[in-house]
Amino acid sequence: MSRTKTGSCLCAAVRYTIRAEPAMQVICHCSHCQRQSGSAFSTIIGVPECALEVIGEVRTYNDRGDNGSEVLRQFCPRCGSPLFSRVAATPGMVYIKSGTLDDPRMFHPQAHIWTKSALEWVSIDSAPAFETNPGG
């Protein structure tokens with residue numbers, strides 16, 4: 001992934017620029033990501049908050065993850081696209097839904113997390129897999 005990347009919600013009312021390489025690229029199988037994404041999992045890149053510039057209004061849903069940690073789930077109030085998550089357990093990081101990147105093909109998962117909630121028909125590839133969060 002080259003240094004500067006851009007993305008947006010479905011209606012493009014919210015645009016963003018990332019000015020850093022991702023600290024992580026994961027597939028999250030937790031039950032909250034399943035519900036929030038409307039799918040079997042969520043594809044996420046983590047970057048330092050200071051590397052993300054957002055233009056446009058986002059709304060926030062205050063959630064608690066499967067491990068009880070506060071999760072602020074941010075989305076476009078116009079089209080409803082999920083965009084960012086901010087997790088109390090990892091201050092200073094923001095997690096971006098990789099499908100909102102202008103070129104999502106650059107997403108290459110390094111791990112699967114919360115696999116204890118993975119749906120039985122989902123194939124876990126050769127990337128490392130963790131039942132919850134690595135180290136937690």
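Leu-72 stands opposite Arg-86 in strand E8, in a model that is predicted. Five bridges join E7 to E8, and the two strands run antiparallel. Strands here are DSSP runs of type E with at least two residues, helices are runs of type H or I with at least four, and both are numbered from the N terminus. Two strands count as paired if DSSP finds at least two bridges between them. E7 and E8 form a hairpin with six residues between them, and Gly-80 in that turn has a positive phi of about 85°.

E8 also pairs with E9, again antiparallel, through two bridges. In this pair Phe-84 stands opposite Ile-96 in E9. Five residues separate E8 and E9 in their hairpin, where Gly-92 has a positive phi of about 90°.

Residues are numbered from 1 along each chain as its sequence is written. Local features need pLDDT of at least 70 and side-chain atom pairs count only at pLDDT 80 or more, while totals for chains, interfaces and linings use all residues, and side-chain values use heavy atoms, with hydrogens and water left out.

Another sheet is open and has three strands in the order E1-E2-E5, with antiparallel pairing. Its edge strands are E1 (4-8) and E5 (52-55), each of which pairs on one side only. From one strand to the next the twist averages 15°; axes are lines fitted to C-alpha atoms, for helices over the stretch in contact, and angles run from 0 to 180 degrees between N-to-C directions. E2 (residues 15-19) is joined to E5 by four bridges, and Tyr-16 stands opposite Val-54 in E5.

The loop between E1 and E2 holds Ala-12. Ala-12 has a positive phi of about 70° although it is not a glycine. Most residues other than glycine have a negative phi. With a relative accessible area of 40%, Ala-12 is partly exposed; buried means under 20%, exposed over 50%, and partly exposed in between, using a 1.4 Å probe and protein chains only.

Trp-114, in the segment after E10, is another residue other than glycine with a positive phi, near 55°. Trp-114 counts as buried because its relative accessibility is 8%.

Trp-114 also belongs to the lining of the largest pocket: of its 24 lining residues, those closest to the centre are Val-87, Tyr-95, Ile-113, Trp-114 and Asn-133. About 500 Å³ of space lies in this pocket. A pocket is an open set of points on a 1 Å grid over the protein atoms alone, with protein on both sides within 12 Å along at least five of seven lines, and lining residues have an atom within 4 Å of a point. Points are joined across faces, edges and corners, and the volume is the space filled by probe spheres set on them.

Which strands each supply at least two residues of that lining? They are E3 (24-28), E7 (70-75), E8 (82-87), E9 (93-97) and E10 (111-113). E3 gives the most, with three residues. By class, the lining has 15 nonpolar, six polar and three charged residues; Ala, Val, Leu, Ile, Met, Phe, Trp, Tyr, Cys and Pro count as nonpolar, Asp, Glu, Lys and Arg as charged, and the others, Gly among them, as polar.

Gln-34 lies in helix H1 (residues 31-37). Gln-34 counts as buried because its relative accessibility is 15%. Leaving aside neighbours within four places in sequence, Gln-34 is in contact (heavy atoms within 4.5 Å) with residues including His-29, Phe-41, Ser-117 and Leu-119.

Notes. On a 1 Å grid over the protein atoms alone, a cavity is a set of points where a 1.4 Å probe fits but cannot get out, and a pocket is an open set with protein on both sides within 12 Å along at least five of seven lines; lining residues have an atom within 4 Å of a point.
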